[in-house]
Amino acid sequence: MATAITVNNLSKSFGAVRAVDEVSFTVEPGAVTAFLGPNGAGKTTTLRMILGLVAPTAGTAMIGRTPYIQLTSPITKVGAVLEATAFHPGLSARAHLDVLRTAAGLAPARVDLVLDQVDLTRAADRKIGGFSLGMRQRLAIASALLGDPEILILDEPANGLDPRGIAWLRGFLRAYAHEGRAVLVSTHVLAEIERIAGRALIISAGRLVRQAELTPDSTDLENLYLEATR
Amino acid sequence: MIRNPLVRAELVKARASRTGPALAVIAPITCVLWATLQALVFDGLDALPAASRVENVYAMAQQAYVFTLILGVLAMTGEYRHQTITWTFLTTPVRSRVVTAKLVAWGLVGLAVACVSALATLVSGAALLAVRGLPVLTPGVPLVLLGAVLSTTAYALLGVGLGALIRNQAVALVVALLWFMYGDYLLSSLAPDIGRWLPTGAARALSGMHMQAGALLPAWAGGLLFVAYVAATVLAARLVTLRRDVT
């Protein structure tokens with residue numbers, strides 16, 4: 001499979017603040033790519049530009065060879081986990097997924113399948129307003145998986161997950177990449193991502209300061225990170 | 001019945017939340033209360049011919065407009081308030097398609113609320129007039145009810161447009177309610193000549209109602225003018241708020 005995501009000279013200014021400054025990288029299938037950097041470094045803005053939610057000031061971001069907003073059925077190509085709180089509290093988990101499923105024209109059976117995948121089947125008909133942070137996060141992951149996408153983009157997915165949830169997520173992302181799909185994940189939990197990531201992209205003050213291949217057990221990701229973001 | 005997946009998704013949302021169905025029930029009840037009031041003050045309005053007074057009872061079906069307006073505003077601004085707009089735009093990145101689907105879906109919801117309200121007004125109005133021994137129907141009544149249905153539906157569309165333009169739910173609601181419950185009436189009474197050109201004047205023309213001050217446009221022209229107001233708010237939203245970053 002060809003390159004999953006191509007980011008080329010991507011920049012974003014908010015007023016006088018250069019949040020993202022000529023960032024270029026690619027994300028390849030078959031591996032987990034870690035997207036690292038301090039708070040406010042521009043990780044979230046970059047991910048949101050890739051997903052067409054934030055308009056770049058300059059540069060391009062492509063899914064395969066197409067910008068996200070021109071994809072005909074985007075959630076069947078890219079799954080995204082962005083914010084744990086972005087649900088209507090009055091809806092049940094099933095209703096939330098059903099809205100997305102209907103809008104994307106997917107088969108009804110996908111809803112039960114992804115609920116089962118994230119182990120939310122028993123809570124499926126409860127209102128999201130009563131969900132814990134970890135349950136919301138799993139629902140967000142279920143939403144991202146709805147279209148069975150080739151590419152997963154996750155912003156801080158481990159937030160709010162308990163140790164069992166984190167172990168599950170690690171196994172899940174690793175398996176996803178092993179199937180030949182692409183995973184781009186932003187995180188602060190270096191020890192965690194070190195165990196599954198094949199590559200690291202480190203961004204600091206809006207600039208991509210380091211790209212490195214990671215070898216399990218031989219790369220000290222923390223050192224790499226601290227050096228790159230100094 | 002409805003094939004378009006985006007419109008169907010909007011209807012799933014409409015069914016799943018509690019506010020929508022609640023407002024849809026309150027709307028016809030409000031119309032019945034207004035119709036009752038009109039029937040009670042019937043004799044006091046003897047400046048008007050009896051036929052007009054009978055029609056005014058049924059014209060209360062138009063009072064459902066407040067609720068379809070609110071439904072439209074909530075449909076759009078609720079997405080920003082609960083940040084579900086992120087999921088919506090991830091699924092449908094061409095944002096104008098989202099607004100179009102909402103206009104169609106909430107137009108349908110508005111139409112349903114308007115029909116139920118008109119029916120409730122017709123039944124209660126006829127019963128009240130009959131009980132009081134007054135004429136129950138006039139030849140103009142069907143048109144009055146049709147006009148009420150059309151204008152009530154149109155307010156749902158205006159709500160969606162306003163909600164797209166003003167993303168903050170509280171601000172959008174306050175603006176919509178102040179403007180369409182008081183603002184236009186105030187302006188019309190201050191300057192009767194412009195009243196017919198305001199959205200409220202257009203809606204009243206569409207619903208075949210009368211305003212105290214100044215003559216209204218013909219019904220068809222009022223309808224077109226109201227649609228133009230909806231189109232203007234949607235266009236303004238596309239140019240200003242809809243393209244903003246979702247962060």
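Gly40(A) sits in the loop of chain A between β3 (31–36) and α1 (43–50); helices here are DSSP runs of H or I with at least four residues, strands are runs of E with at least two, and both are numbered from the N terminus. Gly40(A) is exposed, at 78% relative accessible area. For the cut-offs, exposed is over 50%, buried is under 20%, and partly exposed is in between, with a 1.4 Å probe and protein chains only. Ser204(A) is 164 residues away from Gly40(A) in sequence, yet the C-alpha to C-alpha distance is 8.3 Å.

Before I go on, this is a predicted model, in which local features need pLDDT of at least 70 and side-chain atom pairs pLDDT 80 or more, while totals for chains, interfaces and linings use all residues. Residues are numbered from 1 along each chain as its sequence is written, chains are lettered from A and ligands numbered from 1 in the order written, and side-chain values use heavy atoms, without hydrogens or water.

Gly52(A) follows α1(A) and has a positive phi, near 75°.

Next, strand β5 of chain A, residues 78–81. Val78(A) and Ala80(A) are buried on one side, Gly79(A) and Val81(A) on the other, so both faces are covered. β5(A) runs parallel to β6 (residues 151–155) and is joined to β6 by four bridges; DSSP must find at least two for strands to count as paired. Which residue of β6(A) is the bridge partner of Ala80(A)? That is Ile153(A).

Now chain B. An unreviewed UniProt entry annotates "transmembrane region" at several spans, including 62–82 and 103–130; such annotations may be inferred rather than shown by experiment, and feature names are shortened. In the model, residues 62–82 of chain B are 81% helix and 0% strand, with the end C-alpha atoms 31 Å apart. Residues 103–130 of chain B are 100% helix, and their end C-alpha atoms lie 39 Å apart.

Beyond neighbours within four places in sequence, its contacts include Ala61(B), Tyr65(B), Thr68(B) and Ala114(B), where contact means heavy atoms within 4.5 Å.

Last, Leu37(B). This residue lies in helix α2 (residues 19–40) of chain B and is partly exposed, at 45% relative accessible area.
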